[in-house]
Amino acid sequence: MRFWGEKAALLLGCALLAGCADLPSFGTILSGPEDTAAQGQSEITVTRSAVSLTAPDGFCVDPVSTRNTASEAFVVFGNCAAITGNNKQAQPFVNAIVTATVSSVGLASDAAIAPQSDALVGFFRSNAGKRALSRSADPAAVRIGDGFAEDGAVFLLVADSSPIHFDGAMKSYWRSYFDAGGAVIAMSVIGFEKDPISGGEGLSLLRRFKERNARAPSVLSDDTLAGATDPRRPVPRPG
């Protein structure tokens, strides 16, 4: 199986970052006396590639856990009511949080995931792929329950026996990798042991997020190409 230099490093970095984050428990359905005027944010734009991420109804960005730099970002989506403390906010139909790791590929007009989506499914079944997915970098801790390519994206059902990064998280979760303009997104749906989601529910939710956020790379304009070579203009640095 062949991987292409910088793209392989990008995908591995995306996998590692997505698998090693400490996460909040914003999946729990909120009830009780909480009632404020706070409003959640369902959309956020990140990285130099200006990738816009949008969540389905009931999910909002957690501003505390979210990180954003020019080359990469990590975004957590959770229950809008729980994040804002406002029980009048919409709440999701499943008890889960969704994470998105965005890795900017900088000045690029070709897709990183779609052309090799079938090969990537095989890669993540290998020891190297399992090591990248594992929270403890231990391939023996990871089992791939299902994996397939669909519409240029990779979908994986991952079970990781490594120590969890927040209390109550399910060890099994769905993850997808797909192209989003000039970036690659690794997105995961993580449920809770107390009120677990089924594999079908997790996959359905992940597909909804992917459909809202997957985009083919834009064709570079003449001005953009000129800016990459004209010494009078700043050259965009690759992510």
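In this predicted model, a residue is called buried when its relative accessible area is under 20% and exposed when over 50%, with partly exposed in between.

Q: Which residues of strand β2 are buried on one side, and which on the other?
A: In a regular strand the side chains alternate between the two faces of the sheet. Strand β2 spans residues 51-54, and both of its faces are covered. The buried residues are V51 and L53 on one side, and S52 and T54 on the other.

Q: What is the bridge partner of E43 in β2?
A: Strand β1 covers residues 43-46 and runs antiparallel to β2. Four bridges join the two strands. In β2, E43 is paired by a bridge with T54.

Q: Which residue in the turn between β1 and β2 has a positive phi?
A: The two strands form a hairpin, with four residues between them. In that turn, a phi of about 65 degrees belongs to T47.

Q: Which cysteines form the disulfide, and where are they?
A: The structure holds one disulfide. Its sulfur atoms are 2.0 Å apart, and the cysteines are C60 and C80. This pair links distant parts of the chain, 20 residues apart: C60 lies in strand β3 (residues 59-61) and C80 in helix α2 (residues 80-84).

Q: Is the link of C60 and C80 right-handed or left-handed?
A: The angle about the S-S bond is 90 degrees. The link of C60 and C80 is therefore described as right-handed.

Q: Why does C80 count as buried?
A: The cut-off for buried is a relative accessible area under 20%. C60, its disulfide partner, meets it with 2%. C80 also counts as buried, because its relative accessibility is 5%.

Q: Is G152 buried, partly exposed or exposed?
A: G152 sits in the loop between β7 (142-150) and β8 (153-160). Its relative accessible area is 23%. Buried needs under 20% and exposed over 50%, so G152 is partly exposed.

Q: Which residues is G152 in contact with, leaving aside its neighbours within four places in sequence?
A: A contact requires heavy atoms within 4.5 Å. With the neighbours within four places left out, the residues in contact with G152 are I113, A114 and S117.

Q: How many Å separate the C-alpha atoms of G152 and A214?
A: Along the chain, G152 and A214 are 62 residues apart. Their C-alpha atoms are separated by 9.3 Å.

Q: What arc do the buried residues of helix α3 cover around the axis?
A: Helix α3 spans residues 117-125, and its buried residues are S117, L120, V121, F123 and F124. They are on the same side of α3, because the arc they cover is only 165 degrees.

Technical notes. Residues are numbered from 1 along each chain as its sequence is written. This is a predicted model: local features need pLDDT of at least 70, side-chain atom pairs count only at pLDDT 80 or more; totals for chains, interfaces and linings use all residues. Side-chain values use heavy atoms; hydrogens and water are left out. Buried means under 20% relative accessible area, exposed over 50%, partly exposed in between (1.4 Å probe, protein chains only). Two strands pair if DSSP finds at least two bridges between them. A disulfide is a pair of cysteine sulfur atoms within 2.5 Å. The arc is that of the directions from the helix axis to the C-beta atoms.
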